[in-house]
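Reader: I would like to learn how to read a model of this kind with care, one feature at a time. Please give me the general idea first and then the case at hand.

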Amino acid sequence: MRLRPGAIVRHGVLMGAALVTLLPIVFTAVTSLKFRRDIISGRFFDFEVTWVNYQRLFEGSRAVFGQLTVNSLIAGIGSTLLVLAIASLGAYALSRFRLPPRLSALVLGWLLFVYMLPPITFAGPFYLIARQIGLFDTPAVLVIAHAVLTLPFAVWLLQSFFAEIPKELEEAAALDGASRAGTFWRIALPMTLPGLYATGILTFVFSWKDFLFALVLTSTPRGGTIPIGIASFVQEWDLRYGEMAAATMLAAVPAIVLVLFAQRHIIKGMTMGAVKG
Amino acid sequence: MGRLLDDHFHIVAMTPLVVALLVLTAYPAAQLVRMAFSEVGLVSGGTTWSFVGLEHLRTLAQDRVARIAFTNTLLFTVVVVPIEAVLGLLLAYLVNQTRVLGAFYKTVLIVPLLLPPIAIGALWRLMLDFNYGVVNQALLAVGIGGPPWLASPTLALPMVMLVDVWHWTSFMFLIFLAGVASIPQELGEAAEVDGATPWQVFAHVALPILKPTIVVALMLRTILAFKVFDVPYLLTGGGPGTATEMINIYIEKVFFQQFRVGYGGMLTLLTALILSTFVIVYQQISRRAEAAQ
């Protein structure tokens, strides 16, 4: 490789940006492995490694993070399945069939509009409705609320994935006498599997990231999620640094896993989601 | 019956989506409008509604904190969006010219976008802690007593902005990554052969091609910046005083801490209306940008 001055500057800037991005995460990971005395005395390198902060999140009578993690998973997986079911059917209809043009324009426009509105628009009404129907402070209410966050870009994304697959196979199936529902289930859906993965990953991440709906629609660890647990640390007079750092790393797990194993899916999905949505 | 359903499969397939949108978005939106013009009482197991007309608008006219929250959000947006756009564009442009380590840079630079915002707030809350944060400990090691970054009325808002730049530059980077990849390589090479400096290549070759992407990205990010909530909620909770009060944080307080449901509804409705205007302008611009490409 021939190193030109331009290349050195370029790598210098990019490496600098990568460091600035990673350092806060590395620092927090290190803090999560320290005893309190090492955090307070500011030892950066020569400290004793401990898992006690993680243990305290999950073990003991006051530990709530086991329940919060379960709730985060229920909300994430539940809303992902719900959204994939609704969005794949809807997106297929929108991209393959001739619907009344006003209907498809209205649905797509409304989805985009909903996506752009701040979630707090729905927080107030959802709070009243959740109290009314008795779902307040349950993971189930988050399954539904998170579906509102993710349905818009799921439909947009899946629609563009359906549009990419060639129509000929479905036409051949129709000639062979397959039903339309069967064609969707046995041909279109399997061919869009990568698109379903990408969309599903993103809906899960969006649900996992949510704080506002969990804050507003739950009030105890019975329905709360991991972000609620993290936020509750700062309300205490004596900040428990080690445990807060450990909880933060716990919340970062899906991000780390995705970056390592599904990077290409998310870059494609997020770029499209960002620009379309 | 089965045959009939299958003939109308497009209607069957659309039904869950339409029903979900009506129940989960249209009905709550209608509730919101009703709230904005009502006094809503929370009683056990239900609510009491009484119509109050424009009463909440009069309250708003007297509300100093609401005005501060709005000004802060505007200031925040105007400062962070251009910085994030410039940094994101620079990084995307540089990554695009890099083969060695290119995948590594791309992967690392989108990480903040995948983290829960509340975790981002926590990362920085720990680092900027007055007593035991790494920033002040490092400053102390060289003999400087660091300020209370998040508790100071003058420093808190700049700190919230700084963390936002760390967070959202990744978003701009991602959008511009797609944009710079569409610039034909030969154009830049031809200009370089003709003796153009790298800056001239960027300014005269890349920038004109990227212009529609830049406009769309700026609009989109502006809309998103108005939604800012999680990170300042965790870093400062809107304080000290009202130094980092933002629209969404204030609405949450009015609604869920003071339980002024009607007034909170009015504030939400107005925010939604402001953003809707933005969204409509955005849709016009992005449609025109798409047509130009």
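Reader: What conventions and confidence values should I keep in mind?

Author: Residues are numbered from 1 along each chain as its sequence is written, while chains are lettered from A and ligands numbered from 1 in the order in which they are written. As the model is predicted, local features need pLDDT of at least 70 and side-chain atom pairs count only at pLDDT 80 or more, whereas totals for chains, interfaces and linings use all residues. Where pLDDT is low, the predicted coordinates should not be read in detail.

Reader: Which elements make up chain B, and why is chain B more spread out than a compact globule?

Author: Chain B has 14 helices and 2 strands. The radius of gyration is taken over C-alpha atoms, and the globule rule is 2.2 Å times the number of residues to the power 0.38. For chain B the radius is 24 Å, well over the 19 Å that the rule gives for 293 residues, so chain B is more spread out than a compact globule. Its C-alpha trace spans about 75 × 75 × 35 Å along the principal axes. An assignment that is automatic or from a database gives chain B a domain 1 (1-29) and a domain 2 (37-292), and 36 Å separate the centres of these two domains, taken over C-alpha atoms.

Reader: Which residues have the most contacts inside the largest nonpolar core?

Author: In soluble globular proteins, nonpolar side chains tend to be buried together. A residue is buried if 20 or more other C-beta atoms lie within 10 Å of its own, exposed if 12 or fewer, and partly exposed in between, with C-beta atoms placed from the backbone; a nonpolar core is a set of buried Ala, Val, Leu, Ile, Met, Phe, Trp, Tyr and Cys residues joined through C-beta atoms within 7 Å. The largest core has 157 residues, and those with the most contacts inside it are V155(A), L217(A), I230(A), A247(A), A119(B), M172(B) and F173(B). Its largest share, 17 residues, comes from helix 7 (residues 139-164) of chain A. Domain 1 and domain 2 of chain B both give residues to this core, so it lies between them. L217(A) touches, among others, F126(A), Y127(A) and A130(A), not counting residues up to four places away in sequence.

Reader: Is helix 7 (residues 117-127) of chain B mostly covered or mostly open?

Author: Helix 7 of chain B is mostly covered, since 11 of its 11 residues are buried, including W124(B) and R125(B). Leaving aside neighbours within four places in sequence, R125(B) and L234(B) are in contact with V234(A), which is placed in the loop between helix 12 (226-233) and helix 13 (241-261) of chain A. V234(A) is partly exposed, with 16 other C-beta atoms within 10 Å.

Reader: Where in chain B should I look at the backbone angles?

Author: The peptide bond from G239(B) to P240(B) is cis, with omega near -5 degrees, and P240(B) is found in the loop between helix 12 (230-235) and helix 13 (247-256) of chain B. L101(B) has a positive phi of about 70 degrees although it is not a glycine, and lies in the loop between helix 4 (64-96) and helix 5 (102-109). Phi of F259(B), also not a glycine, is positive and near 55 degrees; F259(B) is exposed, with 12 other C-beta atoms within 10 Å.

Notes: Helices (H or I, at least four residues) and strands (E, at least two) are DSSP runs, numbered from the N terminus. Two residues are in contact if their C-beta atoms, placed from the backbone, lie within 7 Å.
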